[in-house]
Amino acid sequence: MLLNNTGKEKGQQTNNGSMLLREEILAIGSWLSSMGKQHFFETTAQRMASATNTLNLPYEMIGHGYNRIVYDLNNGYVLKIALSEIGMMANANEAYIHTNCREEVRKYLCPVSEFASGWIIMKKMDTNVRHAVIDYMKLIKLEMMFLKYGMIPIDLRIANVAFSEENEMVVIDYGLFTLDRKSPVLRWFI
Ligand SMILES: Nc1ncnc2c1ncn2[C@@H]1O[C@H](COP(=O)(O)OP(=O)(O)OP(=O)(O)O)[C@@H](O)[C@H]1O
Ligand SMILES: [Mg+2]
């Protein structure tokens, strides 16, 4: 099978250089429009079941939180799709922060490579590590570093960090971090 650099089969239609195919973007659009009609009181498991059904993507689901479902694109990147309004905001917030933050902090944030309303593509990081005692110290140091540069690292915890190829601790979920007054998280909640 011939694959191009986005990992797609030759001849399959990609969307303006996106790693996703046109039909995958359309499937995400259908999920996002039905997501708005879902009930507020359903459980995350119920929401996940409706999402995976509607999305029907050919990728392995490698994780999820309360607000986003995460697929492995098999090319070194992951696709995170909103499961809720907070997930929509978190994706926008990560794209905003990654683009606008200072160089000194960017290296500790998982790189974002594509973003559109409701979904984001990020570099895949190694989450399968046994957390040593020293990692908790690294986590606190990381928290202090964000504070030093004026960011508020809301929800920074061990489940939201992973390791880069250089074995550096990086944040994979910074959807609730603040950068400045224009950060989507502040606009949404305040
Ligand atoms: N860049 C990544 N590389 C590898 N795995 C990832 C990446 N981003 C997310 N994951 C996996 O998906 C899980 C859920 O992602 P994430 O924490 O971003 O979702 P969330 O819904 O915003 O979480 P929360 O419940 O904290 O709001 C992570 O715990 C991790 O296992
Ligand atoms: Mg999380």
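This is a predicted model: local features need pLDDT of at least 70, side-chain atom pairs count only at pLDDT 80 or more; totals for chains, interfaces and linings use all residues.

User: How many helices and strands does the chain have, and in what order do the elements run?

Analyst: The chain has six helices and seven strands. Read from the N terminus, the elements follow the order α-α-β-β-β-α-α-β-β-α-β-β-α.

User: Why is the chain called as compact as a globular protein of that length?

Analyst: The globule rule gives 16 Å for 190 residues, and the radius of gyration of the chain is 17 Å; the two values are close, so the chain is as compact as a globular protein of that length. Along the principal axes, the C-alpha atoms fill a box of roughly 45 × 40 × 30 Å. Of the 190 residues, 42% are buried. Among the contacts with a separation of 6 or more, 52% are between residues 24 or more positions apart.

User: What is known of the surface and the charges of the chain?

Analyst: The chain exposes about 10900 Å², of which carbon and sulfur atoms supply 54%. There are 20 positive and 20 negative charges, and their mean positions lie 5 Å apart.

User: What makes R68 and E94 a salt bridge?

Analyst: A salt bridge requires a side-chain nitrogen of Lys or Arg within 4 Å of a carboxyl oxygen of Asp or Glu. For R68 and E94 the N to O distance is 2.8 Å, so the pair meets the definition. In the whole structure, the search finds nine salt bridges.

User: Where do E103 and R106 lie, and why is E103 called exposed?

Analyst: E103 and R106 are both in helix α4 (residues 103-106), three residues apart, which is about one turn of the helix. They form a salt bridge whose closest N and O atoms are 2.9 Å apart. The relative accessibility of E103 is 56%; exposed means over 50%, so E103 counts as exposed.

User: Why are D155 and R157 called partly exposed?

Analyst: D155 has a relative accessibility of 32% and R157 one of 39%, so each counts as partly exposed. The side chains of D155 and R157 also meet in a salt bridge, at 2.8 Å from N to O. Elsewhere, R68, K80, E94 and D173 are joined into one network by salt bridges that share partners.

User: How do you know whether R47 is buried or exposed?

Analyst: R47 has a relative accessibility of 12%. Buried means under 20%, so R47 counts as buried. R47 is placed in helix α2 (residues 44-55).

User: Is T178 buried or exposed, and which residues does T178 touch?

Analyst: T178 has a relative accessibility of 7%; the limit for buried is under 20%, so T178 counts as buried. T178 lies in the loop between β7 (169-171) and α6 (184-189). Leaving aside residues up to four places away in sequence, T178 touches I97, M151, I152, I154, S183, V185 and L186.

Methods:
Residues are numbered from 1 along each chain as its sequence is written. Chains are lettered from A and ligands numbered from 1 in the order in which they are written. Side-chain values use heavy atoms; hydrogens and water are left out. Helices (H or I, at least four residues) and strands (E, at least two) are DSSP runs, numbered from the N terminus. The radius of gyration is taken over C-alpha atoms; the globule rule is 2.2 Å times the number of residues to the power 0.38. Buried means under 20% relative accessible area, exposed over 50%, partly exposed in between (1.4 Å probe, protein chains only). Contact means heavy atoms within 4.5 Å. Accessible areas come from the Shrake-Rupley method with a 1.4 Å probe; for residues, only the protein chains shown count as cover. Lys and Arg count as positive and Asp and Glu as negative; His and the chain ends are not counted. The place of a charge is taken as NZ of Lys, CZ of Arg, CG of Asp or CD of Glu.
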